[in-house]
Amino acid sequence: MGRRDAFTLIELLVVIAIIAILAAILFPVLARAKEAAKKTTCLSNLRQIGTAFALYGNDEDDRYPDRRDLKASLPGGYKPWTGWPPSDPRAGWAAIVLEPYTKSSRIFACPSIEGSRLGVSERVSQGLRATNLWLWRFDRMGATVELDNLWGKTPEQALVDLVAAQNPQVGRPDSLADVELAVDPYFPKTIPSVPAEIRGWSAHTGGRNRLFADGHAKYLRDIRTDP
């Protein structure tokens, strides 16, 4: 009778230990690669939104949309929750207005938000599921368009008004390349009214993807978000 070779218990435990060590090393690497892919997708979405704004302007005398009425009437109302600052950057209205140029509201969703610890896909949407990008310069809906809002303005007038507004969050833009148009969601540490459990959180660790009024988009660090 020939002897059948087999693994000993020690050998099996060694193999299991090696697999566990490799998994511990590889899982964080794979997670970072997955998040990098999501950040790239988000950036691509923002560039498409920039193109949609440009196409809309071509059809509307080179002016930004003015749909304060739509912003106020979408399901969920104005402002995400009680205690939010006196503005509402949610972009559900833009997904509707720009739909003829985008063909899909999906580009208004940052994939890093869906199923993440932020849990804001529904909370920050306005009637469109998973529409979670923000447009800070379209965040008010008063009867008069404020200097730091872009409703109905030409890009040139918007730039002049933003300089005159002296809004510390905007700074002093020298050109449209300095004017933030759209951004993935974030909760600045500098706003006390933001609930403590999400203050400093952002869709992408340590910063955010931003679309600027000249059409370019890129990721930039933001010290107001957690590293």
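Which residue in β2 is the bridge partner of Val183? That partner is Arg210, and the pairing makes a handy way into this fold.

## About the model

This is a predicted model, in which local features need pLDDT of at least 70 and side-chain atom pairs count only at pLDDT 80 or more, while totals for chains, interfaces and linings use all residues. Residues are numbered from 1 along each chain as its sequence is written, and side-chain values use heavy atoms, with hydrogens and water left out.

The predictor's confidence in each residue, pLDDT, runs from 0 to 100. Its mean over the chain is 84, and 86% of the residues reach 70 or more. Among the elements, helix α2 (residues 68-73) has the lowest confidence, with a mean of 87, and α5 the highest, at 96. Please take care with residues 119-128, where pLDDT stays under 50. The model has 34 contacts beyond four places in sequence for that stretch, a contact being heavy atoms within 4.5 Å. Where pLDDT is low, the predicted coordinates should not be read in detail.

## Overall layout

Five helices and three strands make up the chain's secondary structure, and their order along the sequence is α-α-α-α-α-β-β-β.

Of the 227 residues, 44% count as buried. Here buried means under 20% relative accessible area, exposed means over 50%, and partly exposed lies in between, with a 1.4 Å probe and protein chains only. Among contacts with a separation of 6 or more, 61% come from residues 24 or more positions apart.

## The sheet

The three strands form an open sheet in the order β1-β2-β3, with antiparallel pairing. Because β1 and β3 (217-221) stand at the edges with a single partner strand each, one side of each is left without a neighbour in the sheet. From one strand to the next the twist averages 40 degrees. Two strands count as paired if DSSP finds at least two bridges between them; β1 and β2 have three, and β2 (residues 207-212) and β3 have five. Arg208 stands opposite Leu220 in β3. Helix α1 packs on the sheet, touching β1, β2 and β3, and its direction makes about 20 degrees with that of β2. Such angles run from 0 to 180 degrees between N-to-C directions, using axes fitted to C-alpha atoms, for helices over the stretch in contact.

β2 and β3 form a hairpin with four residues between them, and Gly215 in the turn has a positive phi of about 100 degrees. Six of the six residues of β2 are buried, so this strand is largely enclosed by the rest of the structure. In a regular strand the side chains alternate between the two faces of the sheet. Both faces of β2 are covered, with Gly207, Asn209 and Leu211 buried on one side and Arg208, Arg210 and Phe212 on the other.

## Nonpolar cores

A nonpolar core is a set of buried Ala, Val, Leu, Ile, Met, Phe, Trp, Tyr and Cys residues joined through side-chain atoms within 4.5 Å. The largest one has 36 residues, and those with the most contacts inside it are Ile49, Phe53, Tyr64, Trp93, Phe108, Leu135 and Phe138. Two or more residues come from each of α1 (9-59), α3 (92-97), α5 (155-165) and β1 (180-183), and α1 gives the most, with seven.

Leu135 touches Phe53, Pro89, Ala91, Trp93, Ala94, Leu181 and Ala182, leaving aside residues up to four places away in sequence. A second, separate core of nine residues includes Trp136, Phe187, Ile191 and Trp201.

Lys153 lies in the loop between α4 (99-102) and α5, and is buried, with a relative accessible area of 9%. Its side chain makes a polar contact of 2.8 Å with the side chain of Asp161. A polar contact is a pair of N or O atoms within 3.5 Å; within protein, one must be able to donate a hydrogen and the other to accept it, and residues adjacent in sequence count only if both atoms are side-chain atoms. Beyond four places in sequence, the residues touched by Lys153 include Tyr64, Val145 and Leu147.

Asp69, found in helix α2, is partly exposed at 47% relative accessible area. Its side chain joins that of Arg67 through a polar contact of 3.0 Å. Asp69 and Met141 are 72 residues apart in sequence and 7.8 Å apart in space, C-alpha to C-alpha.
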